[in-house]
Amino acid sequence: MEINLISDTVTKPTQEMLDVMFNAKVGDDVFKQDPTVNELERYTAELFGKEAALFFPSGTMANQTAIRLHTKPGDEVICDKWSHIFLYEGGGVAANSGVSCHLVDGNRGKITANQVTQFINDPEFYHAPITRLVSLENTTNKGGGACYEIEELKVIKEVCNKHGLKYHLDGARLWNAMVAKNQQPKQFGEMFDTISVCLSKGLGAPVGSVLVGSNEDIKKALRIRKLFGGNMRQAGYLAAAGLYAMQNNIERLEKDHQKAKELGSVLVKKDWVKEVEPIETNIVIFKLQPTIDEKSFIEKLKQKRILISSMGQGKLRMVTHMDYRQVMHDYVLEVLEKM
């Protein structure tokens, strides 16, 4: 029995999800004739109180489409230094949109309204790029699953409105944030111009993300998705999994959060652990004491059939998910206790 805590993307569809997928009604989505994709997009848009939505094969493509949508070549995006769009999307902001990132030194991947205000370039100062977009991430990946408070997001929105900036949310794990903070999708929908949400991180679908926004923005996004090679044909088989995931697997995320906190409770007591970052959702990030070799530690766990990942800079990560069953959890807790 291998226990994979590398990510919450390692899950496999349940039998119930597979049944829904195999029985899906499909058509050619390039012609917008796939009824299940159309239903997924309608459902997600309505969930967030937005006018429209668009299904994507990946969260990276959804984010990159949003950036392309809101900017012009030479513009600048304000984001945290640990943002997924900067660190983990292959330099797409530059390659796909010709824009640069102004990196903010936030707190565990979260930035404040004051920091945003500080880094907005004067549009009359032609030596600097035009600030066009603020992109946030919730929950924060490298920040260890940290969540924004709604009130802080509202203050940042006010800054965006004052300076005419667009506001995008990389909500790959927004489901986790909403469960942890008892927040509602429409609270985010009314603030952000666009939001990308992932159907595979945490929710158990095999693939896919959805971008929500205004009718005008999603119409433009459709053209950008085509440009990026993201059009799919009978994608309803995948969309059916996403629909099932949203309708059945959001509330259960609390179980993942509880397991993550229990892992953290064990780690924080061990003398070979230097630091455990605060655990709000399903991501556990910790650092080993300087005397312990990181690669050897990961290998030692691997020998015990437990897989975890390194995020660099001494950070190790474990991510709980729906395929991480209680019997596995008990075993991992026991192994950590004895190490």
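Salt bridges first. I searched the whole structure and got 18 salt bridges, a salt bridge being a side-chain nitrogen of Lys or Arg within 4 Å of a carboxyl oxygen of Asp or Glu. Ground rules before I go on: this is a predicted model, where local features need pLDDT of at least 70 and side-chain atom pairs count only at pLDDT 80 or more, while totals for chains, interfaces and linings use all residues. Residues are numbered from 1 along each chain as its sequence is written, and side-chain values use heavy atoms, with hydrogens and water left out.

**Pairs I looked up**

I checked Lys 32 and found its side chain in a salt bridge with Asp 29, at 3.7 Å from N to O. For burial I use relative accessible area: buried is under 20%, exposed is over 50%, and partly exposed is in between (1.4 Å probe, protein chains only). Lys 32 comes out partly exposed at 32%, whereas Asp 29 is buried at 1%.

Next I took Arg 42, which bridges to Glu 39 with the closest N and O atoms 2.7 Å apart. Both sit in helix α2 (residues 35-48), 3 residues apart, or about one turn of the helix. My helices (H or I, at least four residues) and strands (E, at least two) are DSSP runs, numbered from the N terminus. Arg 42 is partly exposed at 39%, and Glu 39 is partly exposed at 28%.

Then Asp 75 with Arg 132: a salt bridge, closest N and O atoms 2.8 Å apart. This pair links distant parts of the chain, with Asp 75 in the loop between α3 (59-70) and β3 (76-80) and Arg 132 in strand β5, 57 residues apart. Asp 75 is buried at 4%; Arg 132 is partly exposed at 25%.

I also noted a network of salt bridges that links Arg 108, Glu 149, Lys 181, Glu 277, Glu 280 and Lys 315.

Leaving aside neighbours within four places in sequence, Lys 201 is in contact (heavy atoms within 4.5 Å) with Asp 8, Thr 9, Ala 172, Arg 173 and Trp 175.

**Cysteines**

How many disulfides are there? I count 0, taking a disulfide as a pair of cysteine sulfur atoms within 2.5 Å. For Cys 79, the closest cysteine sulfur is in Cys 101 at 3.9 Å, too far for a bond. Cys 79 is buried at 0% relative accessibility. For Cys 198, the closest cysteine sulfur is in Cys 147 at 16 Å, also too far for a bond; Cys 198 is buried at 4%.

**Strand β6**

Why is β6 (residues 166-171) largely enclosed by the rest of the structure? Because 5 of its 6 residues are buried.

On one side of my list is β5 (residues 131-137), which runs parallel to β6 and is joined to it by 5 bridges; strands pair if DSSP finds at least two bridges between them. Val 134 has Tyr 167 in β6 as its bridge partner. The chain gets from β5 to β6 through helix α7 (residues 150-163), and this β-α-β crossover is right-handed: with the strands pointing away from the viewer, the path from the first strand over the helix to the second runs clockwise.

I then followed β6 to β7 (residues 194-198), a parallel pairing over 4 bridges. There, Gly 171 has Val 197 as its bridge partner in β7.
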